[in-house]
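This report goes through one protein model, from the whole chain down to single residues. Please keep the structure open while reading.

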Amino acid sequence: MEALIPVINKLQDVFNTVGADIIQLPLIAVVGTQSSGKSSVLESLVGRDLLPRGTGVVTRRPLILQLVHVDPGDRRMGDDSGEEGEEWGKFLHTKNKIYTDFDEIRQEIENETERISGNNKGISDEPIHLKIFSPHVVNLTLVDLPGITKVPVGDQPKDIELQIRELILKHISNPNCIILAVTAANTDMACSEALKVARDVDTDGRRTLAVVTKLDLMDAGTDAMDALMGRVIPVKLGLIGVVNRSQLDINNKKSVVDAVRDEHAFLQKKYPSLASRNGTKYLARTLNRLLMHHIRDCLPDLKTRINVLAAQYQSLLNSYGEPVEDQSATLLQLITKFAAEYCNTIEGTAKYIETTELCGGARICYIFHETFGRTLESVDPLGGLTTIDILTAIRNATGPRPSLFVPEVSFELLVKKQVKRLEEPSLRCVELVHEEMQRIIQHCSNYSTQELQRFPKLHEAIVEVVTSLLRKRLPVTNEMVHNLVAIELAYINTKHPDFADACGVMNNNIEEQRRMSRMREVPRDMSVGKGPLSPGLVSGDPPVPGADMDSAKISFKQR
């Protein structure tokens, strides 16, 4: 069972490295109010001074502390010092750097805290990962959390109490977490914030262990016998009392070893019947035993979860294919394949063809011949022109002289005004084609090759470059449309076959109208010749063939 803890520590290293909280591993979270002695308890378990100390808010970021027991003969070389150390530490954020001086470890914790949380009193939920290797520790994984406070100080936000509470609940809500509720002996156990928070997530108390600190600071004439016996607040996993170093002891450089020895003497003197079940050494053994039993209970679920995740990630790894050896050739090949797929979608020869809607070149063809074509056909050549507008343009072009023929100036002015109306539909056609070419990019992305799916960042870069290229060419295309319309407006070609055909049709229509007019007026002239006053009928002479309408009218008036 003792061998399971290093395995759990190794798993914790792996998940810390990848930065994913996908498996909730067994650990011990230290919870308590501000200045209740949480950091002192951790230092007693480590046996060295390594945590920042002081008054007020000191712990402002979660510290995940992994204690790894090593054999006394297993010595490691410091990274730059050239000195061998029996005890050493490593931070996750400093990679493989080894710290043999625990003062440097404390300084690094302070620097890393200020880097994220600021140099005042702000807090952060981003943890600091620290591993301590020593022959004097037992295998444990502990989390030192910020102390519970009520009133914000410094640059802390007004909801600092709520933030700290949420941060604590985030860690202790893990069902595989053992809660170490730290309470000072010189305060009432019934007012313990640590026990209250622990009960919120561990209602039956199966994973809560209470630690009573500062036994030597109780008022004269009082003791913690009832609290340590569980008569005040019973805790299933028990209550353990410890004696911390005072600030004066820390200032006088009192070692943790001396503090543990003085603690044992104090317990023998003040609580002789409970001395064997209290103290820092007993706390370390108890935590180690609880953690081992907890790992044993959690191991089946952990094993199942790890196997499932291993299968999922192995399948994902297999889907990525073989390792890429020649990156330049692979990059060129992927870009070429994407370009070919884009061109094939336009040409209609793509491997995956849509069956529910038009896409690619087919939709572009539809835009040109159907959408744009119908729009041009719906444009009325005389739309927006009234008879008054035409007469006004003719009169303005002739000046003070009356007009006999239609001036060319007024004709060109009116024609240009109508030709200008074709510019807006043309620009709309360009916009529709641009949108469809962007949709082609999405189509190629949805049906991209398996090789391209292996590199999502490369895929995103290709899509971004192609989209940017299309966006850059849109203003140029619009400018070309403006120029084409401007070219048509600059010169009205009346010699164009379409214009000549239109003139011929118009002349034919005029001739047809004249012919029809003559046919309507000839019968009326003939009816005049047949009247009682007709000279032909009176004299008996036949009517003169080929008599025109005007002579008939004059004869009718004379008679």
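## Overall picture

The model is predicted. The protein chain contains 19 helices and 11 strands. It has 559 residues, and 37% of them count as buried.

Among contacts in the protein chain with a separation of 6 or more, 75% are between residues 24 or more positions apart.

Strand β10 covers residues 208-213. 6 of its 6 residues are buried, so β10 is largely enclosed by the rest of the structure. In a regular strand, side chains alternate between the two faces of the sheet. In β10, T208, A210 and V212 point one way, while L209, V211 and T213 point the other way, and all are buried.

β10 pairs with strand β9 (residues 177-184) through 6 bridges, and the two run parallel. Within this pairing, I179 has T208 of β10 as its bridge partner. From β9 the chain passes through α5 to reach β10, a β-α-β crossover that is right-handed. β10 also runs parallel to strand β11 (residues 239-241), to which 3 bridges join it. V211 has its bridge partner in β11, namely I240.

## Salt bridges

The whole structure holds 18 salt bridges. One of them is formed by the side chains of R165 and D200, at 2.5 Å from N to O. This pair links distant parts of the chain, since R165 belongs to helix α4 (residues 160-172) and D200 to helix α5 (residues 193-201), 35 residues apart. R165 is partly exposed at 28% relative accessibility, and D200 is partly exposed at 40%.

Another salt bridge joins E436 and R439, whose closest N and O atoms are 2.5 Å apart. Both residues are in helix α14 (residues 423-446); they are 3 residues apart and therefore separated by about one helical turn. E436 has a relative accessibility of 2% and so counts as buried, whereas R439 is partly exposed at 33%. In the salt bridge between D297 and R296, the closest N and O atoms are 3.8 Å apart. D297 is exposed, with a relative accessible area of 52%; R296 counts as partly exposed at 42%.

Most residues other than glycine have a negative phi. K214 sits in the loop between β10 and α6 (225-228).

K253 is also not a glycine, and its phi is positive at about 65 degrees. The loop that holds K253 lies between α7 (247-251) and α8 (256-270). Is K253 buried or exposed? With a relative accessible area of 69%, K253 is exposed, because the cut-off for that class is over 50%.

Technical notes:
Residues numbered from 1 in each chain as written. Predicted model: local features only at pLDDT ≥ 70, side-chain atom pairs only at ≥ 80, totals over all residues. Heavy atoms only, no water. Helix = DSSP H or I, 4+ residues; strand = E, 2+ residues; numbered from the N terminus. Buried < 20%, exposed > 50% of the residue type's maximum accessible area, 1.4 Å probe, protein only. Contact = heavy atoms within 4.5 Å. Salt bridge = Lys/Arg side-chain N within 4 Å of Asp/Glu carboxyl O. Pairing = 2+ DSSP bridges. Right-handed = clockwise from strand over helix to strand, strands pointing away.
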